[in-house]
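Please keep the sequence and the model open side by side as you read.

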Amino acid sequence: MKLFTWLQRGAPPLNERQQQRCARLQAPAGLDERPLQQQRIVVLDLETSGLDLQRDQLLAIGAVVIEDGAIDFSQQYEATLCRAGHQASASTLIHGLAPSAIAAGSEPAEALLGFMEFLGDSPLLAFHAAFDQHMLARALKQSLGLRLRHPFLDVAELAPLLCAEAPPRCHDLDDWLQHFQLQVSNRHHASADALATAELALILLSRAKRQGLDGLAALQRAVQARRQRLQAPSL
């Protein structure tokens, strides 16, 4: 099977150079049993025009890399996407991306291609990953005609799995940052939030290794088992 059988029919028009870049993108490697120390993980945060999964738009991408058991500051990605006709809304007060910043952003196809090249075959990690996964997948399909196949791990599920001592009030990213006394500046900025998530993830991955979960596949199985326990009817 060719690598890009996942190119969608009816894809948006791309120029020849963009088509060639799409064709060179790496297929995802998937989650495996390699020790966490040997993994390259891309930690992602997105800013969007709102929380509607079907109508709101992806506005900004921030990503950092965990590799060799540390944040690699030489590997970072940041892009603001140009969205024609974007207007200020309640979300603007949160992410701080004014319409002028959006108007000056990159063409969505270019920003998303750049991110996919940065991502390579690595798995993704995000806080409340289902939202980021859906918004990224929709943007890739709309702008590039690509189907997102890279696996995601959710820090919001890993944290309570690995930190049984944490108080029940720990739900969102700010709660967990406060629990571990991590100082973060410029919250609700995609790159800053990706870095904050990566710092939290390093603590969690260290705990995972001490608890015998030294691999992304093992972590995913543990997350799924916890999810099933929580969903099981109480007797």
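Which residue in β2 is the bridge partner of valine 42? The partner is valine 65. Before going further, a word on the model: it is predicted, so to speak of local features a pLDDT of at least 70 is needed, side-chain atom pairs count only at pLDDT 80 or more, and totals for chains, interfaces and linings use all residues. Residues are numbered from 1 along each chain as its sequence is written, and side-chain values use heavy atoms, with hydrogens and water left out.

**The sheet**

Helices (H or I, at least four residues) and strands (E, at least two) are DSSP runs, numbered from the N terminus. An open sheet is formed by 5 strands in the order β3-β2-β1-β4-β5, with mixed pairing. The edges are held by β3 (70–80) and β5, each with a single partner strand, so one side of each is left without a neighbour in the sheet. On average, neighbouring strands are turned by 25° against each other, direction ignored; axes are lines fitted to C-alpha atoms, for helices over the stretch in contact, and angles run from 0 to 180 degrees between N-to-C directions.

Two strands pair if DSSP finds at least two bridges between them.

| Strands | Sense | Bridges |
|---|---|---|
| β1 and β2 | antiparallel | 9 bridges |
| β1 and β4 | parallel | 2 bridges |

Valine 42 also stands opposite leucine 124 in β4, while valine 43 has leucine 125 of β4 as its bridge partner. Buried means under 20% relative accessible area, exposed over 50%, and partly exposed in between (1.4 Å probe, protein chains only). In β1, 9 of the 9 residues are buried, so this strand is largely enclosed by the rest of the structure. Arg40, Val42, Leu44, Leu46 and Thr48 are buried on one side of β1, and Ile41, Val43, Asp45 and Glu47 on the other.

**Helices on the sheet**

Helix α5 (residues 129–144) lies across β1, β2, β4 and β5, at about 80° to β1. Helix α8 (residues 190–210) packs on the sheet too, touching β1, β2, β3 and β4, and its direction makes about 35° with that of β2. With 16 residues, α5 reaches 21 Å from its first C-alpha to its last, close to the 22 Å expected at 1.5 Å a residue (1.5 Å times one less than the number of residues). Its buried residues include Asp132, Met135, Arg138 and Leu140. Among the elements that the buried residues of α5 pack against are α1 (16–24) and α4 (108–119). Just after α5, glycine 145 takes a positive phi of about 70°.

**Cores and cysteines**

A nonpolar core is a set of buried Ala, Val, Leu, Ile, Met, Phe, Trp, Tyr and Cys residues joined through side-chain atoms within 4.5 Å. The largest has 35 residues, and Ile66, Leu162, Trp176, Leu200, Leu204 and Leu219 have the most contacts inside it. Helix α8 gives the most to this core, with 7 residues. Apart from it lies another core, of 32 residues, among them Leu81, Leu113, Ala139 and Leu146. Leaving aside neighbours within four places in sequence, tryptophan 176 is in contact (heavy atoms within 4.5 Å) with residues including Phe127, Pro160 and Leu200.

How many disulfides does a search of the whole structure find? The search finds 0 disulfides, a disulfide being a pair of cysteine sulfur atoms within 2.5 Å. Cysteine 22 is buried at 2% relative accessible area, whereas cysteine 82 is partly exposed at 26%.
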